[in-house]
Amino acid sequence: MNAPDTPREFIAAIDQGTTSSRCIVFDRDGRIVAVDQKEHRQIFPRPGWVEHDATEIWRNVQEVTAGALAKSGITSDEVKAIGITNQRETTLLWEKATGRPVHNALVWQDTRTDQLCRELGRDTGQERFRRATGLPLASYFSGPKVRWLLDNVPGLRERAERGEILFGTMDSWVIWNLTGGPDGGQHVTDVTNASRTMLMNLHTMEWDREILAAMDVPAAVLPRIGSSAEIYGTAADGPLAGTPVASALGDQQAALFGQTCYAVGEGKSTYGTGTFLLMNTGEQPVSSYHGLLTTVGYRIGGQRPVYALEGAIAVTGALVQWMRDQMGLISTAAEIETLALSVEDNGGAYFVPAFSGLFAPYWRSDARGVIAGLTRYVTKAHLARAVLEATAWQTREIVDAMRKDSGTGLTALKVDGGMTANNLLMQNIADFLDVPVVRPMVSETTCLGAAYAAGLATGFWAGTEELRANWRRAAEWTPRMDPALRDREYRQWLKAVQRTMGWLDEES
Amino acid sequence: MARTIQSVERAAALLRLLAGGERRLGLSDIASAMGLAKATAHGLLRTLQREGFVEQDERSGKYQLGAELLRLGNSYLDVHELRARALVWTDDLARASGESAYLGVLHHGGVLLVHHVFRPDDSRQVLEIGALLPLHCTALGKVLSAYDPVAHSELAELELTAVTDRTVTDRAELEKELVRVRDRGWAGDLGGTWEGVASIAAPVFDRRRMPVGAVAVTGAVERMTVAGGAADGELSPRLIAAVRDCARSVSRDLGAGRF
């Protein structure tokens, strides 16, 4: 609580996400003062194609910023900086002179570049650009999406080569518009977003000429690569005119930053529909031989960049939704815990939700979901246990892969996201990983991370130590599983994983 | 055997009739099946319709079971759903009060802790989810006993043991306190459960204004009470307000109207 004489000072964070745009205003203690949010349309022109209308997104960003300010009752000069976080990899090209998008944004989930990625792999395959970029050739990343647009929008390549077209991920789009658009807008991205384009060299933090040539992307469209925490410019007009725009981080990296994972070996896991686990690996990029991504965690101003390993689990909360919507075994997601707690254990059942193949660390697209170990004894309650355990074991597999790649074990796992409301799941994760699982008091870690970076860039906060001091533990789950039982159960899980592989025939 | 009420028996028979076999029935079918005059049957149907237990199909004029009856069957609020709804509010409560926050529900004659948020300092704390606390001395237990008739009847069966020197063990005195709890809308405990520990709790209601649980903060008596002045040693009004705000927010989230 602020004393009456302390100046009222705040940071506004804009989160341009996959389904909505939000603005959250934070105070000096990192507490939420106001929130505003607006969803945008998901456009599906064909199966597998996902687009966003970038003009609608920019309008929503302006609305939620004004909305959050109005709700908090604070004035624009009390906002000391604006921080940006965003859905990663989503790709947009627009006209420099008018600010008009030349096509809808291609969303990260869009798979239209599958074939193109296979062609780009040539003889080397998926790993062709791994050493330079830390990423396998896959349709998520921006580079192939830019190439697709240049190939498919009539006349675009010529205009791009003449320097009339700008490329950006959503951070660039928001910053360019905030800082004036066609009228002096800053064309910039940050290292974390750039590390997801597949066009940046992880070792030099610059656009990689060889990859640009291989993908046939003209350098003229590219933004400047800045750090994650620096003043890119000031807001040109709107409710926050004159306020410095001072941070940009991809959403998962922002959560890592908001969870104050500033030391090597500190990691966070965000449990939603899917799950993203990132671990700080320090100032050296760690190459992954176990199916993880190497990515930039953050870079504060002129300091050295901090790298991270990333592992994604495709199906976590989605499996609980599946139990609710497809199986009808529960009526709300929270009831999975009630059902699971009605029995002591999984009754011998294991559920591997490889609904669209196995992701990290296996990367087997021929795998499909399996429930193994069924007997007449097994009830829906045992399956509910198996559902929660699936999320916990998949977390364990990623943590194991991180240890193998980096040589660093996780000391504690900081968690956020909707599934942290599930006490049994959090205890399972602590038990299966054999490390404490910790939930912070501010659940909006993504926005908080963007606010923190913007506050560091403008001197609102002195340094990461002050931010660490703001971090509050809301709950901690301590491992209490018998090690012999843990090993036995893990072996059973791994056996069940083996059963999923090779289900699809090769030709399909 | 105690005297029974005929109209309630008839209403029950009518519901059974609508539940079995043919799902929709006209007024004359119902009257003849039950051996009642049409006017009597119509009176029963209209009353049940007003309560939502029976619905009339607009086109055919026939009667069927109402949606309210289905809701009655599965109306209990899942405690994990309750926790999910309470999560952000109890985080706020812990931050605003500087103390640990709890969410409790009635369970086997005690209070089951279904959610716990740590006190926001860096001290070592242990998650207490799953612990069962006594009804008669804790602030959570007193709130539940004051508002929930089921809790109150369970309390009547329990022995009022002295957990500390300050535990109220006299039943008449405890009943008087429960009346006070209802009057002011919150319950307090000053060292009646743990020596030197105070607690404040307020009730959470669902959309039908049924008490489904209670939220509380708990901390050292020294931090939880007013020092000096006329109110010396009494529970802090600021903390009481924070707990009641939290309870109201969770209730609102569950669909309870303004109160």
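Buried means under 20% relative accessible area, exposed means over 50%, and partly exposed lies in between (1.4 Å probe, protein chains only). Helices (H or I, at least four residues) and strands (E, at least two) are DSSP runs, numbered from the N terminus.

Two notes before you click. This is a predicted model: local features need pLDDT of at least 70, side-chain atom pairs count only at pLDDT 80 or more, and totals for chains, interfaces and linings use all residues. Residues are numbered from 1 along each chain as its sequence is written, chains are lettered from A in the order in which they are written, and side-chain values use heavy atoms, with hydrogens and water left out.

**Stop 1: helix 6 of chain B**

Select residues 139-147 of chain B. Nine of the nine residues in this helix are buried, so the rest of the structure largely encloses it. Among them are B:Ala139, B:Lys142, B:Ser145 and B:Tyr147.

**Stop 2: B:Phe118**

Stay in chain B and pick B:Phe118, in the loop between strand 4 and strand 5 (132-134). B:Phe118 is buried, at 1% relative accessibility. Now show its contacts (heavy atoms within 4.5 Å). Leaving out residues up to four places away in sequence, B:Phe118 touches residues of chain A, including A:Met441, A:Arg473 and A:Glu476, and residues of chain B, including B:Ala94, B:Glu99 and B:Leu127.

**Stop 3: the second largest pocket**

A pocket here is found on a 1 Å grid over the protein atoms alone: an open set of points where a 1.4 Å probe fits, with protein on both sides within 12 Å along at least five of seven lines; lining residues have an atom within 4 Å of a point. The second largest pocket holds about 950 Å³ of space, a volume filled by probe spheres set on the points, which are joined across faces, edges and corners. Center on A:Leu341, A:Asn423, A:Leu424, A:Gln427 and A:Arg480, the closest to its centre of the 35 lining residues. Elements from both chains give two or more residues to the lining, among them helix 16 (483-500) of chain A and helix 5 (79-97) of chain B. Helix 13 of chain A gives the largest share, six residues.

**Stop 4: the nonpolar cores**

A nonpolar core is a set of buried Ala, Val, Leu, Ile, Met, Phe, Trp, Tyr and Cys residues joined through side-chain atoms within 4.5 Å. The largest has 64 residues; select A:Ile336, A:Leu413, A:Met426, A:Ile429 and A:Val437, which touch the most other members. Helix 12 (residues 380-406) of chain A supplies its largest share, 13 residues. Another core, of 40 residues, lies apart from it and includes A:Leu150 and A:Phe167.

**Stop 5: annotated sites**

UniProt, in an unreviewed entry, places a "binding site" feature at positions including A:Thr18, A:Thr273 and A:Gly418. Such annotations may be inferred rather than shown by experiment; positions follow the numbering used here, and feature names are shortened. Is A:Thr273 buried, exposed or partly exposed? A:Thr273 is partly exposed, at 46% relative accessibility. Find A:Thr273 in the loop between strand 15 (267-271) and strand 16 (275-282) of chain A. Beyond its neighbours within four places in sequence, its contacts include A:Gly317 and A:Gln321. A:Gly418 is exposed, at 62%, in the loop between strand 21 (413-416) and helix 13 (423-433) of chain A.

**Last stop: A:Ala13**

Select A:Ala13, in strand 1 (residues 10-16) of chain A. A:Ala13 is buried, with a relative accessible area of 0%. Setting aside neighbours within four places in sequence, A:Ala13 contacts A:Arg22, A:Gly83 and A:Cys447, among others.
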